[in-house]
Amino acid sequence: MTLRPSNRKRNAWAVSLLDVQSTDRVLEIGFGPGVAIGELAQRATRGQVVGIDHSETMRAHAARRNAAAIRAARVSLMVASVDDLPDFGGPFDKILAVNNMGMWPDPGLRLKELAGLLRSGGLVAIVSQPRCPGATAETTAAAARQTVELLEAAGFVAFRVETLDLEPPVACVIGSAPPGPPAPTSDNLNSPA
Ligand SMILES: C[S@@+](CC[C@H](N)C(=O)[O-])C[C@H]1O[C@@H](n2cnc3c(N)ncnc32)[C@H](O)[C@@H]1O
(Lines give C-alpha, C1' and ligand atoms only; values in the text may rest on other atoms or scores of the structure.)
Protein backbone atom coordinates (compact mmCIF):
# COMPACT_ATOMS: atom_id res chain seq x y z
CA MET A 1 0.00 0.00 0.00
CA THR A 2 1.44 3.39 -1.01
CA LEU A 3 1.36 5.74 1.95
CA ARG A 4 0.09 9.15 0.92
CA PRO A 5 0.82 12.24 3.08
CA SER A 6 -2.96 12.60 3.55
CA ASN A 7 -3.05 9.11 5.07
CA ARG A 8 -0.41 10.03 7.67
CA LYS A 9 -2.17 13.31 8.39
CA ARG A 10 -5.61 11.68 8.75
CA ASN A 11 -4.35 9.02 11.13
CA ALA A 12 -2.23 11.38 13.28
CA TRP A 13 -5.18 13.76 13.53
CA ALA A 14 -7.59 10.95 14.51
CA VAL A 15 -5.29 9.75 17.29
CA SER A 16 -4.81 13.32 18.56
CA LEU A 17 -8.59 13.55 19.17
CA LEU A 18 -8.75 10.46 21.40
CA ASP A 19 -7.02 11.95 24.46
CA VAL A 20 -4.91 8.79 24.84
CA GLN A 21 -3.36 8.51 28.30
CA SER A 22 -0.02 6.84 29.00
CA THR A 23 -1.68 3.88 30.75
CA ASP A 24 -4.53 3.42 28.25
CA ARG A 25 -5.36 0.10 26.59
CA VAL A 26 -6.38 0.92 23.03
CA LEU A 27 -7.85 -1.17 20.20
CA GLU A 28 -7.61 -0.23 16.53
CA ILE A 29 -9.83 -2.00 13.99
CA GLY A 30 -8.51 -2.21 10.40
CA PHE A 31 -5.05 -0.79 11.08
CA GLY A 32 -3.84 -1.13 7.45
CA PRO A 33 -0.18 -0.05 7.19
CA GLY A 34 -0.15 0.76 10.93
CA VAL A 35 0.26 4.54 10.97
CA ALA A 36 -2.27 5.11 13.76
CA ILE A 37 -0.87 2.13 15.68
CA GLY A 38 2.49 3.95 15.79
CA GLU A 39 0.87 7.21 16.91
CA LEU A 40 -1.10 5.38 19.62
CA ALA A 41 2.00 3.57 20.87
CA GLN A 42 3.83 6.90 21.24
CA ARG A 43 1.09 8.00 23.65
CA ALA A 44 0.17 4.79 25.51
CA THR A 45 3.74 4.35 26.72
CA ARG A 46 2.76 2.37 29.82
CA GLY A 47 -0.41 0.85 28.38
CA GLN A 48 -1.07 -1.45 25.45
CA VAL A 49 -2.08 -1.01 21.83
CA VAL A 50 -3.90 -3.91 20.17
CA GLY A 51 -4.82 -3.97 16.49
CA ILE A 52 -6.85 -6.27 14.30
CA ASP A 53 -6.98 -6.34 10.51
CA HIS A 54 -8.31 -9.17 8.39
CA SER A 55 -5.41 -8.90 5.94
CA GLU A 56 -2.17 -10.76 6.64
CA THR A 57 -0.45 -8.47 4.09
CA MET A 58 -1.48 -5.41 6.13
CA ARG A 59 -0.39 -7.08 9.37
CA ALA A 60 3.07 -7.65 7.88
CA HIS A 61 3.33 -3.98 6.74
CA ALA A 62 2.15 -2.67 10.09
CA ALA A 63 4.45 -5.04 11.99
CA ARG A 64 7.49 -3.71 10.09
CA ARG A 65 6.44 -0.12 10.81
CA ASN A 66 5.97 -0.83 14.54
CA ALA A 67 8.68 -3.44 15.11
CA ALA A 68 10.26 -1.78 18.15
CA ALA A 69 6.96 -1.35 20.01
CA ILE A 70 6.01 -4.96 19.22
CA ARG A 71 9.37 -6.18 20.59
CA ALA A 72 8.70 -4.15 23.73
CA ALA A 73 5.28 -5.88 24.03
CA ARG A 74 3.51 -2.52 23.90
CA VAL A 75 1.83 -3.32 20.57
CA SER A 76 0.09 -6.52 19.53
CA LEU A 77 -1.21 -6.96 15.96
CA MET A 78 -3.62 -9.75 15.05
CA VAL A 79 -5.14 -11.02 11.83
CA ALA A 80 -8.85 -11.07 12.62
CA SER A 81 -12.09 -9.72 11.24
CA VAL A 82 -14.28 -7.27 13.10
CA ASP A 83 -17.20 -9.69 12.67
CA ASP A 84 -15.35 -12.45 14.50
CA LEU A 85 -13.54 -10.67 17.31
CA PRO A 86 -10.90 -12.60 19.25
CA ASP A 87 -10.77 -12.71 23.06
CA PHE A 88 -8.79 -9.60 24.02
CA GLY A 89 -8.44 -10.60 27.65
CA GLY A 90 -9.88 -7.42 29.13
CA PRO A 91 -11.60 -4.13 28.37
CA PHE A 92 -10.25 -1.15 26.42
CA ASP A 93 -10.17 2.56 27.23
CA LYS A 94 -10.31 3.67 23.59
CA ILE A 95 -11.28 2.11 20.26
CA LEU A 96 -10.38 3.59 16.86
CA ALA A 97 -11.34 2.75 13.29
CA VAL A 98 -10.07 4.87 10.39
CA ASN A 99 -11.67 4.48 6.97
CA ASN A 100 -12.98 0.98 7.36
CA MET A 101 -16.39 0.91 9.07
CA GLY A 102 -17.95 1.12 5.59
CA MET A 103 -16.36 -2.26 4.81
CA TRP A 104 -17.76 -4.06 7.88
CA PRO A 105 -20.59 -6.54 7.58
CA ASP A 106 -23.56 -5.17 9.60
CA PRO A 107 -21.76 -2.16 11.15
CA GLY A 108 -24.61 -1.54 13.61
CA LEU A 109 -24.12 -4.95 15.19
CA ARG A 110 -20.32 -4.57 15.13
CA LEU A 111 -20.58 -1.26 17.03
CA LYS A 112 -22.74 -2.93 19.71
CA GLU A 113 -20.06 -5.59 20.11
CA LEU A 114 -17.34 -2.92 20.33
CA ALA A 115 -19.36 -1.06 23.00
CA GLY A 116 -19.16 -4.25 25.05
CA LEU A 117 -15.35 -4.14 24.88
CA LEU A 118 -15.04 -0.63 26.35
CA ARG A 119 -14.72 0.32 29.97
CA SER A 120 -17.57 2.48 31.25
CA GLY A 121 -16.96 5.97 29.86
CA GLY A 122 -14.39 4.71 27.32
CA LEU A 123 -14.27 6.37 23.91
CA VAL A 124 -14.79 5.14 20.37
CA ALA A 125 -13.63 7.17 17.35
CA ILE A 126 -14.95 6.34 13.89
CA VAL A 127 -13.16 8.22 11.13
CA SER A 128 -14.24 8.47 7.51
CA GLN A 129 -13.03 10.29 4.43
CA PRO A 130 -15.44 9.40 1.62
CA ARG A 131 -13.64 7.90 -1.36
CA CYS A 132 -16.46 7.88 -3.90
CA PRO A 133 -15.87 9.96 -7.06
CA GLY A 134 -17.11 13.54 -6.65
CA ALA A 135 -17.22 13.35 -2.84
CA THR A 136 -17.68 16.77 -1.23
CA ALA A 137 -17.95 18.30 2.23
CA GLU A 138 -21.64 17.35 2.17
CA THR A 139 -20.74 13.69 1.48
CA THR A 140 -18.50 13.80 4.55
CA ALA A 141 -21.19 15.47 6.66
CA ALA A 142 -23.74 12.83 5.59
CA ALA A 143 -21.32 10.03 6.51
CA ALA A 144 -20.80 11.63 9.94
CA ARG A 145 -24.57 11.89 10.53
CA GLN A 146 -25.01 8.24 9.62
CA THR A 147 -22.17 7.27 11.97
CA VAL A 148 -23.76 9.19 14.85
CA GLU A 149 -27.06 7.36 14.21
CA LEU A 150 -25.33 3.96 14.23
CA LEU A 151 -23.38 4.77 17.39
CA GLU A 152 -26.50 6.04 19.12
CA ALA A 153 -28.38 2.84 18.23
CA ALA A 154 -25.42 0.86 19.61
CA GLY A 155 -25.78 2.60 22.99
CA PHE A 156 -23.01 5.20 22.78
CA VAL A 157 -23.62 8.68 24.21
CA ALA A 158 -22.08 12.19 24.29
CA PHE A 159 -21.12 12.60 20.64
CA ARG A 160 -18.59 14.98 19.20
CA VAL A 161 -17.94 15.42 15.49
CA GLU A 162 -14.61 16.88 14.31
CA THR A 163 -13.63 17.66 10.73
CA LEU A 164 -10.20 17.75 9.08
CA ASP A 165 -9.99 20.01 6.06
CA LEU A 166 -8.66 17.66 3.39
CA GLU A 167 -10.11 17.08 -0.08
CA PRO A 168 -12.77 15.85 0.63
CA PRO A 169 -12.92 16.62 4.37
CA VAL A 170 -12.44 13.85 6.94
CA ALA A 171 -14.99 13.37 9.73
CA CYS A 172 -14.21 11.85 13.10
CA VAL A 173 -17.19 10.93 15.26
CA ILE A 174 -16.33 10.30 18.89
CA GLY A 175 -18.79 8.64 21.23
CA SER A 176 -18.60 7.58 24.83
CA ALA A 177 -19.53 4.15 26.20
CA PRO A 178 -22.45 4.61 28.55
CA PRO A 179 -21.82 4.37 32.30
CA GLY A 180 -22.69 1.02 33.85
CA PRO A 181 -22.21 -2.58 32.70
CA PRO A 182 -21.07 -3.25 29.11
CA ALA A 183 -23.70 -3.06 26.37
CA PRO A 184 -25.24 -6.41 25.35
CA THR A 185 -23.50 -8.25 22.53
CA SER A 186 -24.35 -11.41 20.62
CA ASP A 187 -21.93 -13.18 23.01
CA ASN A 188 -23.44 -12.07 26.31
CA LEU A 189 -27.12 -11.64 25.30
CA ASN A 190 -28.00 -15.24 26.17
CA SER A 191 -25.72 -15.66 29.19
CA PRO A 192 -27.41 -16.41 32.50
CA ALA A 193 -27.83 -13.32 34.72
C1 LIG B 1 -8.83 1.78 3.62
S2 LIG B 1 -7.85 0.74 4.64
C3 LIG B 1 -7.51 1.86 6.01
C4 LIG B 1 -6.31 1.43 6.77
C5 LIG B 1 -5.92 2.33 7.95
N6 LIG B 1 -6.97 2.42 8.94
C7 LIG B 1 -5.53 3.69 7.47
O8 LIG B 1 -6.33 4.63 7.56
O9 LIG B 1 -4.40 3.81 6.99
C10 LIG B 1 -9.04 -0.38 5.37
C11 LIG B 1 -8.42 -1.46 6.23
O12 LIG B 1 -9.47 -2.15 6.89
C13 LIG B 1 -9.20 -3.54 6.82
N14 LIG B 1 -10.51 -4.23 6.92
C15 LIG B 1 -11.53 -4.18 6.03
N16 LIG B 1 -12.56 -4.93 6.44
C17 LIG B 1 -12.19 -5.47 7.62
C18 LIG B 1 -12.82 -6.36 8.55
N19 LIG B 1 -14.05 -6.86 8.31
N20 LIG B 1 -12.16 -6.72 9.67
C21 LIG B 1 -10.90 -6.23 9.91
N22 LIG B 1 -10.25 -5.40 9.07
C23 LIG B 1 -10.88 -5.02 7.93
C24 LIG B 1 -8.49 -3.73 5.48
O25 LIG B 1 -7.74 -4.92 5.43
C26 LIG B 1 -7.63 -2.48 5.42
O27 LIG B 1 -6.36 -2.68 6.02
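Predicted model: local features only at pLDDT ≥ 70, side-chain atom pairs only at ≥ 80, totals over all residues.

Colleague: What makes F88 and F92 an aromatic pair, and which kind of pair is it?

Modeller: Their rings sit 5.3 Å centre to centre, and the limit for a pair is 6.5 Å. The planes are at 75° to one another, and anything over 60 degrees is edge-to-face. That makes F88 and F92 an edge-to-face pair. A search of the whole structure turns up 1 aromatic pair.

Colleague: And F88, is that buried or exposed, and how do you know?

Modeller: F88 has 8% relative accessibility. The cut-off for buried is under 20%, so F88 is buried.

Colleague: Which residues does R25 touch beyond its sequence neighbours?

Modeller: Leaving out anything within four places in sequence, R25 is in contact with Q48, V50, F88, G89, G90, P91, F92, D93 and K94. R25 belongs to strand β1.

Colleague: What makes the link between R25 and Q48 a polar contact?

Modeller: Their side chains come to 2.8 Å, and a polar contact needs N or O atoms within 3.5 Å. So the pair R25 and Q48 qualifies.

Colleague: Why is R25 called buried?

Modeller: Its relative accessible area is 16%. With buried meaning under 20%, R25 therefore counts as buried.

Colleague: Now S22. Why is S22 called partly exposed?

Modeller: S22 comes out at 24% relative accessible area. Partly exposed is what lies between under 20% for buried and over 50% for exposed, so that is where S22 belongs. S22 sits in the loop between α1 and β1, and touches R43, A44, T45, R46 and G47, if residues up to four places away in sequence are not counted.

Colleague: On to helix α3. How do you know that its buried residues line one face?

Modeller: The buried residues of α3 are M58, A62 and A63. Looking down the axis of α3, they fall within an arc of 135°, so they line one face of the helix. On the other side of α3, T57 and R64 are exposed. The cover over the buried residues of α3 includes β2, α4 and β3.

Colleague: What caps the N-terminal end of α3?

Modeller: That's S55: one of its side-chain oxygens lies 3.2 Å from the backbone nitrogen of T57.

Colleague: What makes the phi of N99 stand out?

Modeller: N99 has a positive phi of about 50°, yet N99 is not a glycine. Most residues other than glycine have a negative phi. N99 lies in the loop between β4 and α5.

Colleague: Where is A158, and what is its phi?

Modeller: A158 is in strand β6, and its phi is near 50°, a positive value in a residue other than glycine. At 61% relative accessibility, A158 is exposed, because exposed means over 50%.

Colleague: Which residues does the cis peptide bond join?

Modeller: E167 and P168, with omega about -5°. Most peptide bonds are trans. P168 lies in the loop between β6 and β7.

Colleague: Last one: why does S128 count as buried?

Modeller: S128 has 19% relative accessibility, and the cut-off is under 20%, so S128 counts as buried. S128 is part of strand β5. Not counting residues up to four places away in sequence, S128 touches N99, T140, A143, P169, V170 and A171.

Conventions:
Residues numbered from 1 in each chain as written. Heavy atoms only, no water. Helix = DSSP H or I, 4+ residues; strand = E, 2+ residues; numbered from the N terminus. Buried < 20%, exposed > 50% of the residue type's maximum accessible area, 1.4 Å probe, protein only. Contact = heavy atoms within 4.5 Å. Arc of directions from axis to C-beta. Polar contact = N/O pair within 3.5 Å; in protein donor to acceptor, adjacent residues only side chain to side chain. Phe/Tyr/Trp six-rings, centres within 6.5 Å; stacked < 30°, edge-to-face > 60°.
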